[in-house]
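Biologist: I am new to this structure. Please walk me through how to read its features.

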Amino acid sequence: MRSGRPRARAVVLVAALMGGLLTVGAMAGPAGAATRYEAENATISQGAVATNHLNYSGTGFVDGTNIAGSYLEWSFDAPAAGTATLVLRYANGTTTTRTSDVSVNGAVVSAGRAFPGTGNWDTWANSTLTAPVTAGANKIRVTATGADGNANLDYLDVTVAAPSNDYQAEDATLSQAGVFSNHLGYTGTGFVDYTNVTGSYVQFTVNAASAGPASLTFRYANGTTVARPMTIAVNGVDVAADLVFPGTGNWDTWADLAVNATLNAGSNTVRATATTANGGPNLDRLSVGTPSDTERPTTPGQPSCSGVGENGLTLNWGASTDNVGVVAYDIYNYGNKISEAGNVTSKQLTGLTPNTTYSLTVFARDAAGNVSPPSPIVECTTSQSSDTQKPSTPGTLTSSNLTSNSVQLSWGASTDNVGVVAYEVRSGTTVYATVTGNPPATSATVSGLACNSPYSLTVVAKDAAGNVSDPSNTVTFTTPSCNDPDGGVPSSITQISSGWTIPWGMAWLPDGQTALVTERDDKVASGQFRVYKVTLAGTKTLVGTVPNASTTGTTSGEGGLMGAAVDPNWTTNHFVYFFHTSPTDNRIVRMTYNGTSLSSTSTPIVTGIRRSLFHNGGRLAFGPDGYLYATTGDSQQGNLAQDRNSLNGKILRMTTTGQPAPGNPFGTLVYSYGHRNPQGIAWDSQGRLWEAEFGNSAVDELNLIKPGLNYGWPTCEGTCSVSGMTNPKKTWSTGTASPSAIAIVRNVVYMAALKGERLWRIPIGSGESVGTATAYYVGAYGRLRTVIKVPGANQLWLSTTNCDNNGDASPGSDRIFRVTIT
């Protein structure tokens with residue numbers, strides 16, 4: 001037995017990911033669930049079971065003797081012969097790599113395998129390898145090759161690739177299609193090129209050993225930018241109508257697209273039929289395997305906080321279950337992910353701010369990327385800091401290099417008993433800029449200022465405990481006149497209506513004299529999802545409520561009654577549309593409004609948009625083409641934004657009956673994808689669509705939307721260089737934006753900011769670049785939710801939502817303003 005290993009001072013939570021997908025060539029299928037074999041139950045030669053270190057699985061771990069030749073041997077069963085993924089969980093608290101031979105059934109599959117140091121004996125890591133296994137009983141042995149012996153071993157996870165069958169398209173039955181070999185990268189002897197007609201098809205004959213569910217994976221190429229949908233039928237029954245086969249970049253690039261179906265024992269027919277005049281994509285083969293995992297983990301149990309300190313706490317929750325297995329938990333504070341843990345039920349959160357309340361929720365995640373519903377919320381407040389000494393007052397503040405929208409500031413450094421971590425440029429309590437660093441710089445360029453406007457700014461210093469210094473001296477200046485006056489600037493703001501609670505959606509009736517305005521949810525009279533008509537003068541009248549709307553499970557989040565739109569043909573059909581959360585999903589519904597009252601019933605036109613506490617999207621607007629557009633969030637499951645068969649994380653475009661609008665890039669409702677939480681949408685004088693979007697923790701975005709493009713989330717937040725991702729035209733820090741609605745007046749985008757508490761002005765031109773962004777009303781009215789152009793006038797309506805869960809105002813205190821642009 002080893003001795004003298006230092007015991008870790010804190011619990012380190014390590015995500016021990018189970019298995020994964022294993023590729024072993026053309027015949028490999030999706031991996032099954034991992035089976036775990038604890039080390040303490042294995043055969044031990046020259047070693048013993050120990051419990052003197054933290055974070056092991058099961059009842060202990062194996063501590064081998066420090067000699068070459070000591071070993072640990074597991075016996076495990078494989079359901080079939082094939083290639084297995086073997087995951088060895090180990091700890092090595094030294095700085096010296098320990099090496100071992102790994103053998104399976106007596107054959108060495110990894111000689112001198114390295115087990116590097118893990119930092120300490122309480123920290124565990126995974127070493128993953130693949131090896132051939134036989135059906136039934138197998139043995140894996142880990143034998144030390146150095147005098148230091150093996151690393152500590154905790155468990156073995158075994159995942160055996162399920163067998164699959166491949167069927168080449170050139171061997172199938174073809175109708176209005178032919179076999180070709182004029183492109184690269186196909187398997188077999190060729191591929192099938194569909195004739196460009198509706199109804200052309202490829203039909204495979206597939207054999208199944210037994211009846212049951214299966215995964216059908218089509219390998220295809222589509223060298224165009226237009227999706228080529230197909231209907232997939234099994235034994236004459238459609239299992240996927242208009243399945244989208246998007247572009248792959250060129251005809252030599254192949255991709256896989258899978259759909260689940262139920263097969264009969266014995267022979268089955270699988271037919272892929274083109275549903276548009278473009279025909280189907282080039283088809284290489286069909287692979288039949290085990291069905292993909294689409295089942296979400298169950299909701300994690302009620303979280304609680306323990307060990308609460310100044311800068312951290314331990315979050316605990318009840319375990320989630322899953323049909324395959326939970327691999328990780330994601331932890332959110334409001335709508336932002338702040339941490340994650342492995343398959344454990346607690347996590348130490350560090351780097352928190354003293355005396356601050358955190359609203360925490362937990363999501364479970366499985367290996368297939370399925371995410372559970374959110375846990376209940378727990379609010380935890382960190383302790384008051386023991387450091388109560390505030391930094392000294394910053395030195396003399398001076399200004400220079402004044403322009404119409406920026407100024408350069410400099411000041412003398414502050415001192416602190418612990419250390420200054422940031423400076424804030426402020427006007428009163430409103431923060432215009434934050435400077436961080438170690439130590440933070442003593443100068444800053446403050447941008448985004450409004451032209452021809454007076455400012456009085458000071459600087460304060462902050463320490464890690466949140467103590468704030470006295471403010472510096474004040475610098476006062478007036479910015480010069482605008483460099484870009486053509487688009488006009490906000491010249492006056494007037495309150496026209498008050499007494500609101502989270503006014504969210506606005507839509508004008510054709511007369512341009514009256515708008516419909518929704519309240520997301522009355523947080524006092526919960527369940528009141530009301531719609532008002534509001535005149536130009538600000539007079540509001542309740543016209544009805546939206547049935548089946550709900551905030552159950554999302555009351556403290558962002559669900560409820562959101563966007564509103566009025567049919568372009570309202571004068572004849574009286575149709576109006578709302579985006580709302582229901583007890584099961586987010587949906588778009590149609591109602592009638594006769595000018596006085598709403599109908600008592602609604603007709604859903606789009607359902608199945610996944611709901612969550614946050615990231616619900618919710619904006620509705622009719623485009624200049626007469627079709628209805630909607631924004632949908634990723635529902636806190638980022639991979640849905642990249643899934644073009646999901647409605648989440650998208651901008652949708654539809655007819656007034658909820659059908660895909662003609663010309664949609666994939667033949668579905670999806671117009672663009674890769675969005676996290678898209679909010680505002682508006683069109684400029686050229687008919688181009690612009691969109692504002694919440695980022696996670698780094699930047700928020702203004703995007704120019706084009707059909708079929710991928711806007712990057714969750715691969716990218718803000719600008720990135722990943723091929724195939726579309727970069728935003730403008731970004732902001734989340735502290736100065738958190739954008740909601742946008743409106744366009746005279747080719748200037750106006751963006752309402754929630755956390756930033758300001759109205760951003762962004763000029764746009766005929767090209768795709770945008771001008772300098774400037775901010776108005778910074779901190780003057782709180783959280784700004786919706787901005788909309790007043791018909792026939794260079795004016796905006798602007799609403800606050802200070803009554804939402806991130807605001808601090810009482811219900812009924814929100815307002816609507818009129819902004820004049822001159």
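Biologist: Which residues do ring pairs link into a cluster?

Modeller: Rings of Phe, Tyr and Trp (its six-membered ring) pair if their centres lie within 6.5 Å; planes under 30 degrees apart count as stacked, over 60 as edge-to-face and the rest as tilted. Here the cluster holds Tyr-776, Tyr-777, Tyr-781 and Phe-817. This is a predicted model: local features need pLDDT of at least 70, side-chain atom pairs count only at pLDDT 80 or more, and totals for chains, interfaces and linings use all residues. Residues are numbered from 1 along each chain as its sequence is written, and side-chain values use heavy atoms, without hydrogens and water.

Biologist: How many aromatic pairs does a search of the whole structure find?

Modeller: The search finds 24. One of them is Phe-191 with Trp-254, edge-to-face, 5.7 Å centre to centre and 65° between the planes. Phe-191 is in strand β16 (residues 191-194) and Trp-254 in the loop between β20 (237-243) and β21 (255-263), so the pair ties together parts 63 residues apart in sequence. Strands (E, at least two residues) are DSSP runs, numbered from the N terminus.

Biologist: Are Phe-191 and Trp-254 buried or exposed?

Modeller: Buried means under 20% relative accessible area, exposed over 50%, partly exposed in between (1.4 Å probe, protein chains only). Both Phe-191 and Trp-254 are buried. Tyr-332 and Phe-363 form another edge-to-face pair, at 5.1 Å centre to centre and 65° between the planes. Tyr-332 counts as buried because its relative accessibility is 8%. Phe-363 is buried too, at 0%.

Biologist: Where is Asn-664, and what does its side chain reach?

Modeller: Asn-664 is in the loop between β49 (650-654) and β50 (670-673). A polar contact is a pair of N or O atoms within 3.5 Å; within protein, one must be able to donate a hydrogen and the other to accept it, and residues adjacent in sequence count only if both atoms are side-chain atoms. The side chain of Asn-664 reaches the backbone oxygen of Thr-668 at 2.8 Å. A 2.7 Å polar contact joins it to the side chain of Arg-653. Asn-664 is buried, at 8% relative accessible area.

Biologist: Which residue lies over the face of Tyr-71?

Modeller: A charge sits over a ring if NZ of Lys or CZ of Arg is within 6 Å of the ring centre and within 35 degrees of the ring normal. Arg-141 lies over Tyr-71, 3.8 Å from the ring centre. The charged end of Arg-271 sits over the ring of Tyr-201, at 3.7 Å from its centre.

Technical notes
Helix = DSSP H or I, 4+ residues; strand = E, 2+ residues; numbered from the N terminus.
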